[in-house]
Amino acid sequence: MPPDQPISLNEASRRSGVPATTLKRWAEEKIIPVRRGRWTATAAAQARVVARMRERGYPLDRLKEAGKEGKLAFGYTEEVFGRDDATVGYEDAAAETGLEPELIERLMVLLGTPAHRERQLTRDDLDALHHFSRVLASGFPLVAFLQLVRVYAQSLRRVADAEVRLFHLYVHEPLIRDGVPELEMAEEMGELAGDMLPIATPIFEYLHRRYLRFFIEQDVVGHMESEFGIESGELGRINVTVCFIDLTGFTRYTEEEGDEEALDLIERFVETVESTLPREATIVKTIGDEVMVVSPDPASLTEWAVGFLGLFQERPQPRVGLHCGYAVYRDGDYFGTDVNLAHRVVTRALGGEVLATDSVIRQFGESEFIEAEPIGEVELKGFPRAIPLFVLRSRRA
Amino acid sequence: MGASGVTERAAAGTAAAAARAPAKPATGGEKSRFRSAAELRDVLGSLLREVDADPDLGSRLRSAEVPHRIRCTDLDVVLDVGPSEDPDHYISWAFDGNADWEPALTLEMDSAAINRYLQGRLNLVIAIARRQVGFSATDPRAALAFLPLGGSLCSAYRQVVKERFAHLTLA
């Protein structure tokens, strides 16, 4: 049903969870925009928000003002997502899907069930559980599957968060600034969201296929290298070169240039890292101005690091810490002592410097292009023995 | 700076003949070379005309606001590219030091490296580490604005090469 399709007062009351008498009063006091007494899904959605805000102690006059300014105009989501009423409990879902109730609970925790829907599953949840059940029935190990679900949830949570924030910043806020009437605003946003959001699914599928193909190729290469005698670790442990890169003097840069400029710099920095990395290297995560990269190939990652720092001849200059070792791969991230060591190494580097442990030098071997200058054994916080470190740079021509 | 007029005319003739000849991809890296400075200018000019006509690529290159210079060390060609002030164009370019703007970023490499880079077969940053490519910039932000764009030129370049300069195609 379109969000501007009339609905009865009783239906509006059911959808919003607000008594009909209160809805009528809110409409008369123009807290909820109701044209000629005709309730719509959009108006009911707004009433639901007003009721939530009232529960949190916001006075009606402030909510009325917010409504007038269009700040509550989110009724467009009604059409996009439809109703999502709770239907079954965990026991019934277990009987239907063949999954244990405890496992369902664990999965729902991983997916981040909203608190108000605790132990209640919608039809969508149930559909997802059927998919999960099929994956497990196909023989995929539970321990790996739980990690995969966590990665899916974390990644898509970030995507949804970004979609909502960017929609708010670049669509909703400008409409509020332009003083667009609230009903018109709700309709305009509804149309845009209705056009845009269904496109997200094919884009996700496209990206997923694209990355899957890339990483399958990487995995095949990794297997081949193992075949050629590169030692492999225990189950779940991977031999990788870990690289941390960050911008020195970034705090000062932010103070001098302002938050927006600093944020712009970070975005460009991460984008440049991503677009220039050797094919086999991967960004694991970014934390502010710090990027963590892993690669199965120490040589190309080391050369990249040296070349990348050559791009920055003035402040703010990046610095790099490199270490080769074993990492535990879990939930799309890499953990373990060797990862921690790589992180400690970058904190000892100066701006414009690539600092590497002796493990990198051993793996890297003699290089035609890179020279390693030993700076001695360095005490690193949290590590019982001093670690031999080297500054890496391009060989003179 | 540039090749002599006679050499350039001769090279232009070779390039034109190549353009008329049926397109045959080169079989190996050794053969995938520019035949002359004139051909290099011709190929780069064709690429930049494609970029300038492409609203997406052209506007991205213009909005990056990074006037940059590519100096070809073996064929002695200098190309300057910058945002255009003409509203009908996204970018403007000039060969052999005739630009009336100063570059914020300069890349120096031989013609084989240019061909490999523009076909997405040369990692520019690794090539800088190996000193196969020279790099200088007046501002670190210039590198951050320019480098992510490099890859997006590849498909336009490959198209230009496929249509008119097949001997430059890398196997």
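Leaving aside its neighbours within four places in sequence, which residues is B:Asp74 in contact with? The answer is given in the legend to Figure 1. This is a predicted model, in which local features need pLDDT of at least 70, side-chain atom pairs count only at pLDDT 80 or more, and totals for chains, interfaces and linings use all residues. Residues are numbered from 1 along each chain as its sequence is written, with chains lettered from A and ligands numbered from 1 in the order in which they are written.

**Figure 1. The loop around B:Asp74.** B:Asp74 lies in the loop between strand E1 (68–72) and strand E2 (77–83) of chain B. Helices (H or I, at least four residues) and strands (E, at least two) are DSSP runs, numbered from the N terminus. Apart from neighbours within four places in sequence, B:Asp74 is in contact with B:Asp110 and B:Ser111; contact means that the C-beta atoms, placed from the backbone, lie within 7 Å. B:Ala112 is 38 residues from B:Asp74 in sequence, and their C-alpha atoms are 9.1 Å apart. With 15 other C-beta atoms within 10 Å, B:Asp74 is partly exposed. A residue is buried if 20 or more other C-beta atoms lie within 10 Å of its own, exposed if 12 or fewer, and partly exposed in between, with C-beta atoms placed from the backbone.

**Figure 2. The side of chain B that touches chain A.** Here 19 residues of chain B are in contact with 24 residues of chain A. Helix H5 (124–129), strand E5 (134–137) and helix H6 (140–150) of chain B are the elements that give two or more residues to this side of chain B. H6(B) supplies the largest share, seven residues. By class, this side of chain B has 13 nonpolar, two polar and four charged residues. Ala, Val, Leu, Ile, Met, Phe, Trp, Tyr, Cys and Pro count as nonpolar, Asp, Glu, Lys and Arg as charged, and the others, Gly among them, as polar.

**Figure 3. Helix H7 of chain A.** The buried residues of H7(A) (residues 101–111) are A:Ile104, A:Leu107 and A:Met108. They cover an arc of only 100° around the axis, which puts them on the same side of H7(A); the arc is that of the directions from the helix axis to the C-beta atoms. On the other side of H7(A), A:Glu102 and A:Val109 are exposed. The buried residues of H7(A) pack against helix H6 (90–97), helix H8 (123–137) and helix H9 (142–177) of chain A. Just after H7(A), A:Gly112 has a positive phi of about 80°.

**Figure 4. Strand E5 of chain A and its partners.** Eight of the eleven residues of E5(A) (residues 237–247) are buried, so this strand is largely enclosed by the rest of the structure. E5(A) runs antiparallel to strand E8 (residues 318–330) of chain A, joined by eleven bridges; two strands pair if DSSP finds at least two bridges between them. A:Val240 has A:Gly325 as its bridge partner in E8(A). Five bridges join E5(A) to the antiparallel strand E7 (residues 290–295) of chain A, where A:Ser295 is the bridge partner of A:Thr241.

**Figure 5. Strand E12 of chain A.** E12(A) (residues 387–394) pairs in the antiparallel sense with strand E10 (residues 354–357) of chain A over four bridges. A:Phe390 in E12(A) is the bridge partner of A:Ala356. Strand E11 (residues 370–378) of chain A also pairs with E12(A) in the antiparallel sense, over eight bridges, and A:Glu377 stands opposite A:Pro388.

Definitions and conventions: Contact = placed C-beta atoms within 7 Å.
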